[in-house]
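Subject: The structure, and what turned up in it

Hi,

Here is the structure I promised to pass on. Have a look at it first, and then read on for what I found.

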Amino acid sequence: MKPFSEVLQTGHDVAGQGQTYILDESWMQGRGIYGGLSTALCLDGVKQQLGALPPLRSANINFIGPASKEVFVIPKLLRQGKSVSFVQAELMGEAGLITQAVFSFGAPRESRLEGVFLPEKSMTDPAASPPFFSDNGFTPATQGARPAFTHHFDVRLIQGHRPFSGVDTPSFELWVRHQDATAKDMTALIALADMPPPGILPMFKGLAPISSMSWMFNIIRNDLTNKSGWWFMRVEAEHAHGGYSSQNMSIRNDHGELVMVGRQNVAIFY
């Protein structure tokens, strides 16, 4: 199992045209690459190829094609203004386009509006929460449902239900951290941010395929100070219709401060 930091270390420049990386099976999700990793590789490829950029502010991600073990990131600077830059990144594989991302980077500016409009959340102790992926958390029919990439993370269930529980509540709260203790920067956070299964999955009464189609997120704070390494994550599906589910996602640090918010569109085959 190749840790996140080792995947990044495989990256190298190809004739100034892009950045190539070598993966292993542990990062696959069905026929695709785990979305958090593919997005993180897009971001790392941009940083490696384009150099210094302002802090990351937001991203729009589309998960398009199947995976391959060797991938190639092609970055393209769309616009560079005085304070904001827009960069496109395409993650390519043997079968073509895997993931397309558009990142916006923005330098801080003075503003008369500064404040925290959502209060800090009172944090629980991760050690007091049960593992999210545990033998007693799945029925015999769903034992094989855990994706390989989830073994790269330590995940604890705070509130809600596990996938395939057949409940009426399409939401849950988790503590999540990298098993790779060196994964601490913004790229590592992006790699972790897509780890939770869709919020609609606890409503499933049995195994059925799902596929993330698109993901957008905003970075609320670039200070990633987080001594414990644990990130508080909440996922809530707000709607399901015609085989698609829309959901909200948020991440807080271990102090309860909001760090990242996002939305995702998920195809469901149930």
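How many bridges join β5 to β11, and do the two strands run parallel or antiparallel? Five bridges join them, and the strands run antiparallel. Before I go further, please keep in mind that this is a predicted model.

**The sheet**

That strand pair belongs to an open sheet of twelve strands with antiparallel pairing. The order across the sheet is β1-β2-β6-β7-β8-β5-β11-β14-β13-β12-β10-β9. At the edges stand β1 (12–13) and β9; each has a single partner strand, so one side of each is left without a neighbour in the sheet.

- Strand β2 (residues 19–22) is joined to strand β6 (residues 70–80) by four bridges, and the two run antiparallel. Q19 stands opposite V73 in β6.

Helix α2 packs on this sheet, where it touches β1, β2, β5, β6, β7 (84–93), β8 and β11 (210–219). The direction of α2 makes about 60° with that of β8.

Is P55 buried, exposed or partly exposed? Its relative accessible area is 29%, so P55 counts as partly exposed. Leaving aside residues up to four places away in sequence, P55 touches S104, F105, G106, A107, P108 and N222. As for G81, 26 residues from P55 along the chain, the C-alpha atoms of the two are separated by 14 Å.

**Aromatic rings**

The structure holds twelve aromatic pairs. One of them is Y34 with F149: the ring centres are 4.0 Å apart and the planes are at 10°, so this pair is stacked. Y34 sits in the loop between β4 (32–33) and α2, while F149 sits in the loop between β8 (96–106) and β9 (153–160), so the pair ties together parts that are 115 residues apart in sequence. Both residues are worth a click: Y34 counts as buried at 0% relative accessibility, and F149 is buried with a relative accessible area of 3%.

F132 and F133 make an edge-to-face pair, 4.9 Å centre to centre with 75° between the planes. F132 and F133 are buried too.

**Helix α3**

Last, take a look at helix α3 (residues 186–193). How many of its eight residues are buried? Eight of the eight are, and the helix is mostly covered. Those buried residues are M186, T187, A188, L189, I190, A191, L192 and A193. At the start of α3, a side-chain oxygen of D185 comes to within 3.3 Å of the backbone nitrogen of T187.

Happy to go through any of this with you on screen.

Best wishes

Note on methods. Residues are numbered from 1 along each chain as its sequence is written. This is a predicted model: local features need pLDDT of at least 70, side-chain atom pairs count only at pLDDT 80 or more; totals for chains, interfaces and linings use all residues. Side-chain values use heavy atoms; hydrogens and water are left out. Buried means under 20% relative accessible area, exposed over 50%, partly exposed in between (1.4 Å probe, protein chains only). Contact means heavy atoms within 4.5 Å. Rings of Phe, Tyr and Trp (its six-membered ring) pair if their centres lie within 6.5 Å; planes under 30 degrees apart count as stacked, over 60 as edge-to-face and the rest as tilted. Two strands pair if DSSP finds at least two bridges between them. Axes are lines fitted to C-alpha atoms, for helices over the stretch in contact, and angles run from 0 to 180 degrees between N-to-C directions. A polar contact is a pair of N or O atoms within 3.5 Å; within protein, one must be able to donate a hydrogen and the other to accept it, and residues adjacent in sequence count only if both atoms are side-chain atoms.
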